[in-house]
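We will go from the whole chain down to single residues, one stop at a time.

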Amino acid sequence: IAPAATAVNVTVDDKTGKVNEYIFRVCYLDSDQSNRMAEFATNDLKVKTAAIFGSTSDEYAKGLAKYFKESFEKSGGTIVANEGFVNGDRDFKAALTKIKGKNPEFIYVPGYYNEVAVLIKQARDLGITAPIGGGDGWDSPDMIKVAGADALNNTYFTNHYSVEDPDPAIQAFVKAYQDKYKKVPDSFAALGYDSAKLLAQAIKDAGEADPVKVKDALAKIKDFQGITGKMSINAQHNPVKKIVVIEYKDGKLISR
């Protein structure tokens, strides 16, 4: 059971189209979260033009960029610029200046927080005020530490859950995690927890810890209530669940 492997071919062989019988996941797919952000940009932010500035170092970020572009254009939007960076980069000003010259209404930045936090701070320092969005790779307390709360205003990212969610079960999880580890649980912590709980549920449903019976039980999971939402496992062994859009607002994480 993969907590955070979001590539399509984790559960389905991309050459044969056959479902990998013993592999499941509790996270959504890259295509799902990219489509969700494209819908959010189009329907909630009401933008018509966007730029993409993502990492070219890993399949995760390249997949997010690809799916966002397809979904945004399908909805009638126009991609006015497409720039890339390499993981480890710390100077994004040249590409950001190019993007600023295209005057996009929205900038999509698929990548991990290590680079994204620095990139956003430099974008704001250059006077770029457009909303900026990204994926679950943004989820880290270091975003605020590095970029600063002001720079992160008007930025959004797709995620698996929000630590600010008032749901009693989520708040109990957050408190227990903080008590044990002395830090706020990010989405990967919540996904790991859900993976273990999903396995426990499958073993219970199967009646014993037999691999074949557990595999069959996992494939039949319906309406499992996890920390990252209620989920049912579909025919491709992926969870059907909601995707949260998180807004940074004055240093707080707000669910949209």
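The tour starts with the whole chain and then visits selected residues.

**Before you click**

This is a predicted model, in which local features need pLDDT of at least 70 and side-chain atom pairs count only at pLDDT 80 or more, while totals for chains, interfaces and linings use all residues. Residues are numbered from 1 along each chain as its sequence is written, and side-chain values use heavy atoms, with hydrogens and water left out.

**Stop 1: the whole chain**

Show the protein chain as a cartoon and you will find nine helices and 10 strands. These are DSSP runs numbered from the N terminus: helices are H or I with at least four residues, and strands are E with at least two. The radius of gyration is 19 Å, close to the 18 Å of the globule rule for 256 residues, so the chain is as compact as a globular protein of that length. That radius is taken over C-alpha atoms, and the rule is 2.2 Å times the number of residues to the power 0.38. Along the principal axes, the C-alpha trace spans about 60 × 45 × 35 Å.

Switch to a surface next. The protein chain exposes about 12400 Å², with 52% of it supplied by carbon and sulfur atoms; the areas come from the Shrake-Rupley method with a 1.4 Å probe, and for residues only the protein chains shown count as cover. Of the 256 residues, 47% count as buried. Buried means under 20% relative accessible area, exposed over 50%, and partly exposed in between (1.4 Å probe, protein chains only).

For contacts (heavy atoms within 4.5 Å), consider those with a separation of 6 or more: 67% of them come from residues 24 or more positions apart.

**Stop 2: Ser55**

Select Ser55, which lies in strand 1, residues 49-55. Its relative accessibility is 3%, so Ser55 counts as buried. Which backbone atom lies 3.1 Å from a polar atom of the Ser55 side chain? It is the backbone nitrogen of Ser57. A polar contact here is a pair of N or O atoms within 3.5 Å; within protein, one must be able to donate a hydrogen and the other to accept it, and residues adjacent in sequence count only if both atoms are side-chain atoms. Not counting residues up to four places away in sequence, Ser55 touches Ala61, Lys62, Phe85, Asn87, Pro110 and Gly111.

**Stop 3: Val26**

Move to Val26, in the segment before helix 1 (30-44). With 0% relative accessibility, Val26 counts as buried. Leaving aside neighbours within four places in sequence, its contacts include Ile1, Ala2 and Pro3, along with Leu191, Met231 and Lys241. Draw a distance from Val26 to His160: the two are 134 residues apart along the chain, and their C-alpha atoms are separated by 9.7 Å.

**Stop 4: strand 5**

Select residues 155-159, which form strand 5, and pick out Thr155. Thr155 has 0% relative accessibility and therefore counts as buried. A polar atom of its side chain lies 2.6 Å from the backbone oxygen of Leu152. Beyond neighbours within four places in sequence, Thr155 is in contact with residues including Trp138, Ile246 and Tyr248.

Stay in strand 5 for Asn159. Asn159 counts as buried at 2% relative accessibility. Among the residues in contact with Asn159, leaving aside neighbours within four places in sequence, are Tyr28, Asp136, Asp139 and Ser187.

**Stop 5: two positive phi values**

Most residues other than glycine have a negative phi. Now select Lys182, where phi is near 65 degrees. Lys182 sits in the loop between helix 7 (168-181) and helix 8 (187-206). Is Lys182 buried or exposed? At 68% relative accessibility, Lys182 counts as exposed.

His237 also has phi near 65 degrees, and its place is in the loop between strand 7 (229-233) and strand 8 (239-240). His237 counts as buried, at 8% relative accessibility.

**Last stop: Gly251**

Finish at Gly251, in the loop between strand 9 (244-249) and strand 10 (252-255). Gly251 counts as partly exposed at 25% relative accessibility. Leaving aside neighbours within four places in sequence, Gly251 is in contact with Ile144 and Ala149. The C-alpha atoms of Gly251 and Asn153 are separated by 7.8 Å, at 98 residues apart along the chain.
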